[in-house]
Amino acid sequence: MEEIRLIEIKEEILSDNKDLADGLRERLSKNGIFMMNLMSSPGGGKTSLILQTIRAMKDDFRIGVIEGDIDSMVDAETVVKEGVSAVQLRTGGFCHLDVPMVTSALDAMDLESLDFVIIENIGNLVCPAEFDTGAHLNAMILSVPEGDDKPLKYPLMFTVCDVLLVNKIDYLKYGEDFDLKVVKERALNLNPEIKIIKISCKTGEGVDEWINWLGDRIVS
Amino acid sequence: MHELPVTESILNIALKHANSNNVERIVSISLRIGELSDLVNEWVQRYFDYLSKDTIAEGAKLDIERSPVVFRCDRCEKSFQVDLKKIKEVICPNCGGKKNTLISGREYYIKNIAVI
């Protein structure tokens, strides 16, 4: 019988993407561009938050948006109406964005004319958490109707994000499935560094706090 | 849900090392994947079987070891393991500290390949 031998590898499976992500981050920084990766469940309010962010920041920063979607152009069309540039990435079934996909979108943008790029990732709390996009900041939204158990169900997402936006807080009065205190405890439990901001993209509550916090990150 | 691109990476890394080591066939691949990952072992194997057809890795078995979720207490600096089912209360068993940093449970690692 032929002899079986072991070859030690000890290599990160996603090291290719990680290396590319570090390279992209560096390239963007050199060009004075700050990139944010926004993640949430479908319907969590990613597009609404992006619209609010654009409205509040477009006089201070030149903004570009990368819209990840399985197969539609709806979000890019909505964002372009706000007067910023947008590229729609249709992933054709892929559940997350990775660096090669983000890079292909950036190649289609005029980076010389941008200071701030927002990635709207695919609506999903599972897969986007595993793939570094090359962004400088990872933001996630958890909206009130989704329930306060999400940090327990999707812990990885909460561990990779710098900021958690608790959206649709105007719905807090309707249900008892969402205890803000519990969400804070559960999120901080997984990631003591995570910044938590309450917001309602509909009523505008909390938007100022978000914009101030984000503005400080972009400038520094 | 994203087993396919991950499996593709596993196959590529294994083939790269096999090719530089004069290998006839890859028999098995040992992986270490953190418990926080939602990868489903069975699907990784199925995708692997599909992707590895007509390569020297065809028929290789994936041996997946799940590494536990480990936190380190920010106060007393002791490390401790946390059962995923009990992740809602991460409290340091040594000093009761509630501020803890995740140090393991997210890894995605190929340990070795067994080859002929």
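**The largest pocket and its surroundings**

Mentor: In this predicted model, 31 residues line the largest pocket. Lys18(A), Ala129(A), Asp132(A), Val160(A) and Arg106(B) are the ones that lie nearest its centre. The space in the largest pocket comes to about 740 Å³.

Now take the lining by class. It has 13 nonpolar residues, 9 polar ones and 9 charged ones.

Next, the elements behind it. Four of them each give the lining at least two residues. From chain A these are helix 1 (15-30), strand 2 (34-39) and helix 6 (155-160). From chain B there is strand 5 (100-104). Helix 1 of chain A gives the largest share, 4 residues.

Helix 1 packs against helix 4 (residues 99-107) of chain A. The angle between them is about 30 degrees, and their axes are 9 Å apart. Angles under 35 degrees count as roughly parallel, so helix 1 and helix 4 of chain A are roughly parallel to each other. On the helix 1 side, the contact uses Asn17(A), Leu20(A), Ala21(A), Leu24(A), Arg27(A) and Leu28(A). On the helix 4 side, they meet Val99(A), Pro100(A), Val102(A), Thr103(A), Leu106(A) and Asp107(A). By class, this helix contact has 8 nonpolar, 2 polar and 2 charged residues.

The area buried between chain A and chain B is about 3300 Å². Carbon and sulfur atoms give 62% of that area. On the chain A side, Ile7(A), Ile13(A) and Asn189(A) stand out. These three supply 22% of the area that chain A buries against chain B, more than any other three residues.

Asn189(A) also belongs to the lining of the second largest pocket. That pocket has a volume of about 210 Å³. Chain A also lines it with Val182(A), Glu185(A) and Arg186(A). From chain B come Lys88(B), Glu89(B), Val90(B), Ile91(B) and Lys98(B). By class, the lining of the second largest pocket has 3 nonpolar, 1 polar and 5 charged residues.

Definitions and conventions:
Residues numbered from 1 in each chain as written. Chains lettered and ligands numbered in written order. Predicted model: local features only at pLDDT ≥ 70, side-chain atom pairs only at ≥ 80, totals over all residues. Heavy atoms only, no water. 1 Å grid on protein atoms, 1.4 Å probe; cavity = no way out; pocket = protein on both sides within 12 Å on 5 of 7 lines; lining within 4 Å. Points joined across faces, edges and corners; volume = space filled by probe spheres on them. Nonpolar A, V, L, I, M, F, W, Y, C, P; charged D, E, K, R; others polar. Axes fitted to C-alpha atoms, helices over the stretch in contact; angles between N-to-C directions. Parallel < 35°, antiparallel > 145°, perpendicular 65-115°, else oblique. Contact = heavy atoms within 4.5 Å. Buried area = accessible area lost by both parts, 1.4 Å probe.
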